[in-house]
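Dear colleague,

Please find below the structure I am handing over to you. My notes on it follow directly after.

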Amino acid sequence: MIPAAFDYKVAESAEHAISLLGEHGDEAKLLAGGHSLIPMMRYRLASPSVLVDVGRLNDLNYIRRSNGSVAIGALTTHSDLEHSDELKQSCPLLASVAALVGDPAVRHRGTLGGTLAHADPASDLPAAVLALDGTITVQGPGGSREIAASDFFAGYFESALADDEMITEVSVPVSTGGWNYQKFNRRAQDWAIVGVAVAEGGKGVSLVNMGSTPLRATAVEEAVASGAPAADAAAVAADGLTPPSDLNADPDYRAHLARVLTHRALTTSGLN
């Protein structure tokens with residue numbers, strides 16, 4: 001399908017983008033890589049009257065380590081994350097997960113800020129940022145504010161981001177302890193039917209496509225903290241959750257996958 005007609009604006013800075021969002025309200029959408037927004041527009045699931053192109057704001061593309069954390073500009077691409085030597089040393093989980101997103105074309109255009117703002121529960125990187133206890137910095141007309149990843153995802157394709165705000169930076173702690181990411185999908189470039197991200201040997205565990213948002217597997221984290229072995233911790237991965245049902249899997253199958261993949265991720269991260 002062809003998207004509905006829209007106006008196109010090129011943002012010259014983050015402040016310019018925010019002013020355009022304020023001018024056009026919820027009729028405007030930011031365009032970065034476009035791999036999430038454009039398909040939704042083609043299927044008329046989204047019909048913004050104005051697209052604000054922020055893809056040329058090079059000052060929001062960076063990876064910097066400082067004071068025990070890694071700061072990542074919102075327009076840093078998945079490919080940049082995948083190939084960053086700094087990230088491989090400081091937070092290998094994030095670099096590894098980025099390498100599994102879509103295909104090379106998607107990774108060269110898709111951005112970290114874009115995938116977080118899209119808030120798709122089937123997306124890989126939001127779950128990784130959640131497991132890492134990341135912080136998301138957003139900027140609006142009133143200035144900047146920081147939102148914990150655990151508070152950012154509000155519902156299916158919904159986040160704490162206001163209509164006149166944009167993500168400018170993502171910060172994650174330096175994390176080199178036991179880590180792993182497991183995902184089950186039909187083809188390498190497909191969305192995960194279920195995915196599991198493990199950080200710091202199980203202190204942080206998050207699930208992909210097991211609810212309306214990326215989810216912390218709190219039951220697993222509590223089991224690990226109490227000294228449970230990997231098999232016992234993984235057994236409670238789906239406890240209290242309501243997995244979705246679609247053409248790929250029903251809730252029971254997703255719950256089974258969550259337990260199996262969590263066990264694999266925990267043992268690969270070093271938990272016996």
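His-78 belongs to helix 3 (residues 78-83), where helices are DSSP runs of H or I with at least four residues and strands are runs of E with at least two, each numbered from the N terminus. The model is predicted, so local features need pLDDT of at least 70 and side-chain atom pairs count only at pLDDT 80 or more, while totals for chains, interfaces and linings use all residues. Residues are numbered from 1 along each chain as its sequence is written, and side-chain values use heavy atoms, with hydrogens and water left out.

His-78 counts as buried because its relative accessibility is 4% (buried is under 20% relative accessible area, exposed over 50%, partly exposed in between; 1.4 Å probe, protein chains only). Beyond its neighbours within four places in sequence, the contacts of His-78 (heavy atoms within 4.5 Å) include Ala-98, Val-101, Arg-107 and Leu-125.

In helix 1, the buried residues are Ala-14, Ala-17, Ile-18, Leu-20 and Leu-21. They line one face of the helix, because seen down its axis they fall within an arc of 160°, taken over the directions from the helix axis to the C-beta atoms. Their cover includes strand 1 (7-10), strand 2, strand 3 (50-53), strand 6 (135-140) and strand 10 (166-173). On the face turned away from the buried side are the exposed residues Glu-15 and Glu-23.

Gly-25, with a positive phi near 65°, follows helix 1. Asp-26 lies in the loop between helix 1 (14-24) and strand 2 (28-31), and counts as exposed because its relative accessibility is 53%. The C-alpha atoms of Asp-26 and Asp-164 are 7.8 Å apart, although 138 residues separate the two along the chain.

With kind regards
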